Every structure is written in structure tokens, then in C-alpha cells.
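Hi,

Here is the structure I said I would pass on. Have a look at it first, then read my notes below.

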Amino acid sequence: MSDITAIEVKDLIKSFSYYKKELGLKNSIKNLFKREQLIKEAVKGISFNISEGEIVGFLGPNGAGKTTTLKMLSGILFPTDGYATVLGQVPWERKKDFKMNISIVMGQKSQLWWDLPANESLYLNKYIYEINDNEYKFSLEELTELLDVKELLKVQVRRLSLGERMKMEIIAALIHKPKVILLDEPTIGLDIISQKKIREFLKFYNQENKTTIILTSHYMKDIEEMCKRTLIINEGIIAYDGELSKINDVFGHKKIIKLSFEEQIDKKDLEKFGNLRTFDGFNATLEVDKSTIRSCSYDILNRFPAADFNIEDIPVEEGISLLYKRG
Amino acid sequence: MSIQSVNWVKKYTRVFILGVQSSMEYRADFLLTIFSAFVPIVIQYFLWSAIFNNSSEAKVYGYTFTQMITYSILSGIFSKLLATGFEWEVASDIKSGGLNKFIVQPIGYFLYRISNFLGGKFINSIVMMFITLSTLVVLKYYLRNQIEIERIFFLLVILFLALLLNFLIFFCVSTLAFWMIEIWQVFTILGIVINVASGGIFPLDIFGKKFLRVIEFLPFKYTIYFPINVISGKLNYNDLSKGILIQLFWVVFLFILSNYLWKKGMKKYVAVGG
């Protein structure tokens with residue numbers, strides 16, 4: 001990773017207007033004449049910088065503004081306000097030089113020709129991106145080898161499985177060696193093995209080619225495995241920017257103690273130590289402040305007949321859902 | 001030529017070739033397209049037979065029976081030759097975000113569409129031209145119709161311009177999808193109206209003088225009615241060359257219009273988000 005900025009985003013805002021319609025025929029007719037226009041802010045002023053070669057994950061629930069942000073960064077959407085550059089260019093100016101160096105993969109939208117074999121689509125991309133014969137041959141060889149889809153190149157795209165198709169989409173997006181790749185839900189709907197394969201491939205590709213990658217997902221595993229840095233987006237704002245494993249630092253340094261006992265314990269005795277999350281007489285989960293963890297553990301072990309004792313971090317999922325709620 | 005323009009030509013040639021390949025991918029569909037040109041011709045044959053049998057005069061709307069049948073046959077073939085269909089694809093690109101890839105990639109949508117359309121028409125047109133030619137020979141030498149077969153070269157030029165014209169007409173129509181959500185019915189209705197106004201079903205002069213005067217100012221009749229009148233000798237060389245100039249005018253005009261409409265639509269598309 002270098003310190004050269006690949007993507008710069010400042011106070012980016014995108015709002016959409018839409019119409020509301022109440023249920024029923026009467027309101028349908030009413031809507032013909034007078035429609036109440038509403039405005040939804042999908043992205044509410046986000047700022048971040050991404051360095052060249054970085055691989056960054058956008059994590060967030062449905063409708064958080066992840067896809068909208070990617071669409072602005074690829075030039076598909078004009079922002080309502082704010083400013084962004086990708087490789088020093090303003091995406092929505094859509095200069096050829098910009099288009100030649102980026103790529104976007106949308107998990108739910110295909111860029112391949114449905115009725116033709118994948119290699120026809122790829123061959124078209126060779127011409128669209130003006131790649132010379134040798135370079136094309138070499139890239140295709142390499143990518144199909146890595147993703148293990150060499151035999152499938154001649155199969156009609158509509159006959160490919162979802163996972164196979166996704167691999168082809170990724171090849172189509174990488175064939176011109178873009179410097180920035182935006183991936184919107186690349187693993188959506190795939191089985192665990194295909195997900196893993198694609199994750200491994202992207203990670204490898206990023207390390208080999210120093211390509212800057214942004215990917216969105218609502219699978220935490222995607223982000224956790226691939227990205228050092230995560231931006232959590234919720235309701236159009238960035239709720240967190242950093243390493244995913246450190247997300248719990250945001251929440252007042254708590255730890256979790258998991259306990260099992262040899263004999264039944266009184267609930268009240270345990271509640272003194274901290275927030276009791278689960279309890280059934282023999283087993284308990286206790287949320288304790290990090291600073292008091294030593295004394296707590298000592299007291300608990302002294303006073304109760306503990307059979308098993310474990311100190312854990314608060315799970316990352318929990319931190320994320322807390323962030324979502326807070327947003 | 002500079003490297004850039006060579007690359008540009010290669011790019012759209014490739015799209016053209018893909019169009020050719022796509023059109024051959026479904027062979028049964030391909031044959032059906034050709035076959036389907038003859039269904040309306042058969043219907044028209046029975047329709048006009050009934051009309052002429054019940055008429056006391058030898059001419060109906062100024063046409064003899066054989067002239068009318070000649071018109072029906074040629075209009076059936078030319079309608080199929082010029083038929084579009086890409087407007088549905090454009091609409092679905094607009095509706096489902098398929099346009100996104102054209103925004104992101106260094107390729108122009110209009111040029112992509114026209115290259116793909118012409119590619120898709122390529123084989124079909126060659127087959128259709130053979131059918132047209134043999135039909136003309138049969139009409140002229142066996143059925144003794146008036147056919148100006150030496151005008152075949154002009155016919156080829158005129159039909160090519162008609163193909164461009166029809167593409168541009170329907171490209172303009174397809175941009176409606178930017179503003180209308182339920183576009184499918186509109187396309188179907190406009191498709192029929194445009195076909196009738198082009199002379200794709202009946203010769204336009206049977207609708208009367210007033211109708212003709214209006215249609216004079218529209219591009220539609222230059223797609224089907226005009227080429228048929230050229231080959232059937234209804235027009236002299238003066239009208240023929242005038243007609244070609246008007247065709248050229250409409251091609252330029254509709255090219256400008258379609259680009260304007262497309263730009264307007266894209267502005268909306270980009271604001272709303274694909």
C-alpha cells in the first residue's frame with residue numbers, strides 16, 4: 001500500500017425524490033392529479049480517503065447508501081452535493097481516460113451477453129477497452145486459470161450457475177486491468193464455497209496487482225476476511241471507519257465472562273458484578289467493564305463453584321448491530 | 001487513419017459481428033421471422049379477393065387486383081425487413097439499470113445500438129433481398145405486373161436508408177421509457193400506428209387526399225410506401241431522387257432529435273439512479 005490517494009470523497013450527498021401513494025383505488029386517482037413529493041437522503045454527507053492499493057469494505061444494512069455511493073464513484077449517478085475524485089478525475093464527468101481505468105461489478109446486474117458464450121462478451125471488452133491481442137490473451141489465461149473457469153468460456157452465459165456467472169463477471173471487469181475496482185455485493189446469493197473462492201481471488205488479485213478495491217457487502221465474513229479497513233455505513237452516514245476487529249473499542253471497553261457452575265447459583269449474587277446477559281442457574285454470561293475484569297474474575301472464582309470460566313471480547317456482529325441502532 | 005479511429009471502428013465492428021452472431025443463435029426463431037412475413041400476405045390476399053369480387057369496377061381505390069396484391073406482398077416483405085424490436089431492449093435497459101454498464105464503459109449507447117441492430121439485420125436482410133428479388137421476377141415475368149426491375153440498385157439504396165430511418169424512428173420512441181413507467185402498451189400501439197402510417201399494411205393513397213397531405217410531412221412513408229412505389233413504377237425518376245433527398249433529410253433530422261431526446265432522458269436517469 002502506498003500513500004498516493006486513489007479515491008477522495010468529501011461531503012458527498014445524494015437525495016432522491018419520490019412519490020408517496022396511499023393504498024387503494026381512490027388514492028390512485030387522487031395521485032393522478034396531485035402527488036405529494038418526498039425527498040429521501042440516501043447519502044448524507046460522507047467523507048473519506050482511500051490510498052492506492054487499499055482494499056476497503058463498505059458494510060451496512062440494506063438501504064444504507066452503499067450502492068448509491070458506489071454509483072457516484074463510478075460516475076453512474078450525479079451527486080446532489082459534494083465532491084469526489086477517483087484517480088484524480090471527477091467520476092461523473094465520465095471522461096474516457098477515467099472509464100479506461102475503473103471497473104464496477106454489480107452482483108445483481110450482468111454485463112455479459114446473456115445469449116452468447118462468456119468468451120464473446122470478454123472478446124467484446126477487448127475491443128471496448130482497446131486491449132492488444134497479446135495482453136488480452138495473457139490476462140484471459142491468467143484470470144480463467146485463477147478462477148478455474150477455463151472450460152466454461154464456451155458455454156452460453158444463461159446456462160452458467162450463479163457462482164460461475166459471477167466469476168465471469170469478475171473476469172469481464174478485470175480484463176482491462178483497471179486501477180480501481182468497485183464491487184457491489186459480489187458474493188450475493190452464492191454458496192459458501194463459491195463465496196470463499198471469490199474472496200480468496202480478490203484478496204490475491206489485490207496483493208499481486210496493487211489494485212484499489214472497494215467492495216460492499218452485508219455479509220460480515222466477506223469484509224472480515226478481505227479488508228483491513230472497513231467503513232460501516234448506516235442511514236447515509238459513516239458510522240465507523242477502521243479495523244473491523246477493533247469495532248468494540250467504540251463501546252466503552254466491555255468484556256464478556258462466560259461461566260458454568262457445578263451447582264445451582266442464585267441469580268442475585270451474580271448480578272452485582274455486572275450486566276447479566278443470560279442465566280439458567282448453571283450457566284451464565286456476564287458483561288463486565290474491562291477495568292474491573294481482574295477483580296471480578298477473582299471474586300467470582302472465590303465465591304462460586306465454577307466448572308468453566310472464559311473471558312471473551314464482545315462479538316463483532318454485536319458491535320455492528322449496536323452501531324446500526326445508534327445511527 | 002489514426003490509431004484512435006482504428007480502435008473506434010474495430011469497437012463497433014465487433015458489436016456489429018456480435019449482432020450477427022446473436023441473430024443466428026436461435027435458428028428456429030430466424031426461420032420463423034421469415035415465415036411470419038407471409039402470414040399477413042395470405043390474409044391480405046383473401047381480404048382483397050373478397051373486396052374485388054364484390055366490386056362492380058375493375059379498380060378499387062385506383063388499384064387493380066394484381067397491383068393491390070403486388071403492394072401487399074412487397075409491404076409484407078419490407079415490413080419484416082425493416083422491423084425493429086430493440087426498443088424493448090432499450091426500455092428494459094432503462095428500467096432495470098442495464099444502462100449503467102454503458103455509462104461506465106468507454107462505449108457509446110447510440111452507436112452500440114445501431115451497430116448491433118444492423119448486425120442483427122445483416123443475414124436476415126440478405127435472405128430477404130433474395131426473396132424480394134425472386135418475388136419481383138415472378139411478379140414481372142409470370143404475373144405480368146408492372147415492375148421496374150432495372151431500378152433494383154436504387155431500391156437497395158432506398159431500403160438501406162429506410163432501415164436507418166426506421167431505426168431512428170424507433171430509437172426516438174424508445175426514449176419514452178425514460179419518462180413513462182408502463183411503456184409496453186405504448187410500444188405496441190405506436191408500433192401498429194407507425195406501421196400503418198408507413199404504408200406497411202395498405203397503400204397510403206387509399207386513405208384519401210387529406211391523410212396523404214398530413215403524412216407528407218412525416219418521415220414514416222419513406223420507409224415502406226416510398227420504396228414500393230419506386231419499384232412498381234408509380235414514381236418517375238424525378239420523384240425518386242427527390243424522395244431519396246427527403247429520406248436523407250429525415251435521417252439527419254431524426255439523428256439530431258434522437259440524440260437530443262437521449263441526452264434529456266439521461267439527465268433524468270442519472271438524477272433518479274439506475
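pLDDT here is the predictor's confidence in each residue, from 0 to 100. Helices are DSSP runs of H or I with at least four residues, strands are runs of E with at least two, and both are numbered from the N terminus. Chain B as a whole averages 91, and 98% of its residues score at least 70. As for the model overall, it comes with ipTM 0.83 and pTM 0.84.

Some housekeeping: this is a predicted model, in which local features need pLDDT of at least 70 and side-chain atom pairs count only at pLDDT 80 or more, while totals for chains, interfaces and linings use all residues. Residues are numbered from 1 along each chain as its sequence is written, and chains are lettered from A and ligands numbered from 1 in the order in which they are written.

Now chain A. Its secondary structure comes to 11 helices and 13 strands. The radius of gyration is 25 Å, well over the 20 Å that the globule rule gives for 327 residues, so chain A is more spread out than a compact globule. (That radius is taken over C-alpha atoms, and the rule is 2.2 Å times the number of residues to the power 0.38.) Along the principal axes, the C-alpha atoms of chain A fill a box of roughly 75 × 60 × 40 Å. Of the 327 residues of chain A, 37% count as buried, meaning that 20 or more other C-beta atoms lie within 10 Å of a residue's own; 12 or fewer makes it exposed, anything in between partly exposed, with C-beta atoms placed from the backbone.

Where the chains meet, 24 residues come from chain A and 22 residues from chain B. A contact needs the C-beta atoms of two residues, placed from the backbone, to lie within 7 Å. On the chain A side, helix H2 (66–74), helix H3 (96–99) and helix H4 (118–128) each supply at least two residues, and H4(A) gives the most, with four residues.

Leu143(B) is exposed, with 11 other C-beta atoms within 10 Å. Leaving aside neighbours within four places in sequence, Leu143(B) is in contact with Thr66(B) and Val138(B).

Cheers
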